[in-house]
Amino acid sequence: MDALERVVKPKTKRAKRFLEKREPKLNENTKNAMLIRGGNANLTVTEVLKDIYAVKKPFAVLYKRKNITRPFEDQTSLEFFSKKSDCSLFLFGSHNKKRPNNLIIGRMFDYHVLDMIELGVEKFVSLKDVKNSKCPEGTKPMLIFAGDLFDVNEEYKRLKSLLIDFFRGPTVPSIRLAGLEYVLHFTAVDGKIYMRSYKVLLKKSGCKIPRIELEEMGPSLDLVMRRTHLASDDLYKLSLKQPKALKPKKKKNISHDVFGTTYGRIHMQKQDLSKLQTRKMKGLKKRPAEKLAEDGGVSPKKSKSA
């Protein structure tokens, strides 16, 4: 038997739980991210990784040791760490003379690099530099994207999808108003991407709907796009493919409009409206002349005498 065809059987219950956790699922788990420092990362890059880790927790792993690797030349180390930590998202930070304050954000598909975009940090304001109250750990953010580039340019479209994947957090069935307390705002203009984070303050407004104010809390980043490594259209479509069990089954004669209203079509035989029973009213009673016309012009009294 070939080594690739060999099936790994767990010897302990802990190993069995570990393998079951990594098995393919209909509803996938919340995506985890790994944050890795390059071999020549400076203080700015290190602080950026720490702040992104604080925003992403508890769905993130921060590697404290430096890793000498170049993702655009060789992705084997990233794929190894992805399989080891079961992370499908990554953020790699490095610094050199040619590309100062460099960040590489990307995602995996089947433990292989799918998309990868290189960003340069031009300005950075840390969490600790903003002396405001912070949101608790694990708060799900609201994501806002502004700028035509996110809808027109193909690279910016993929960057938008990648940022949504990275920061969206767990899928929740319902929300409450008090839980909407964290905003991540991304603006693309003049070839730059501005990332800002705000805390939502609910103020009294004199009615049921509160007045909303935004208070900046950090981190704040001014980014510029550098190199990109995007998946082919075929591979990208394959990564978005859903299993048949998750696709909604089509029901006959049922349709929905843009507002989500459900419409049903009922098939019935043709009705004879002449036999339809209506409400008895004096105005609907037939006159003697009408009855005589229906009987063929013969009076009922004359027919009896005959």
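Predicted model: local features only at pLDDT ≥ 70, side-chain atom pairs only at ≥ 80, totals over all residues.
Let's start with the strands. β6 covers residues 142–146, and β7 covers residues 182–189. The two run parallel, joined by five bridges. Take L143 as an example: its bridge partner in β7 is L184.

β7 also pairs with β8, residues 192–203. That pairing is antiparallel, over eight bridges. Here A188 stands opposite I193 of β8. β7 and β8 form a hairpin with two residues between the strands. Look at D190 there: its phi is positive, near 55°.

One more strand, β3, spans residues 89–94 and holds S94. S94 has a relative accessible area of 10%, so it is buried. The C-alpha atoms of S94 and N42 are 7.2 Å apart, although 52 residues separate the two along the chain.

Now the salt bridges. How many does a search of the whole structure find? The count is 13.

First example: K128 with E47, where the closest N and O atoms are 3.8 Å apart. K128 sits in the loop between β5 and β6, while E47 belongs to helix α2, so the bridge ties together parts 81 residues apart in sequence. The two ends differ in cover. K128 is exposed, at 54% relative accessible area. E47 is buried, at 15%.

Next, R227. This arginine meets E73 in a salt bridge, 3.7 Å from N to O. E73 is exposed, at 53%.

R227 also meets E118, at 3.0 Å from N to O. E118 is in strand β5 and R227 in β10, so this pair ties together parts that are 109 residues apart in sequence. Is E118 buried or exposed? Its relative accessibility is 1%, so E118 counts as buried. R227 itself counts as partly exposed, at 26%.

Last, the surface. Which residues form the negative patch? They are E154, E155, D233 and D234. Helices α5, 154–167, and α6, 233–240, each give two or more residues to this patch. E155 has its place in α5. At 31% relative accessibility, E155 counts as partly exposed.

That is the tour.

Key:
Residues numbered from 1 in each chain as written. Heavy atoms only, no water. Patch = residues over 30% accessible without salt bridge, like charges linked within 9 Å, V, L, I, M, F, W, Y side chains within 5 Å. Areas by Shrake-Rupley, 256 points an atom, 1.4 Å probe, with all protein chains shown as cover. Salt bridge = Lys/Arg side-chain N within 4 Å of Asp/Glu carboxyl O. Lys, Arg positive; Asp, Glu negative; His and termini not counted. Charge placed at Lys NZ, Arg CZ, Asp CG, Glu CD. Helix = DSSP H or I, 4+ residues; strand = E, 2+ residues; numbered from the N terminus. Buried < 20%, exposed > 50% of the residue type's maximum accessible area, 1.4 Å probe, protein only. Pairing = 2+ DSSP bridges.
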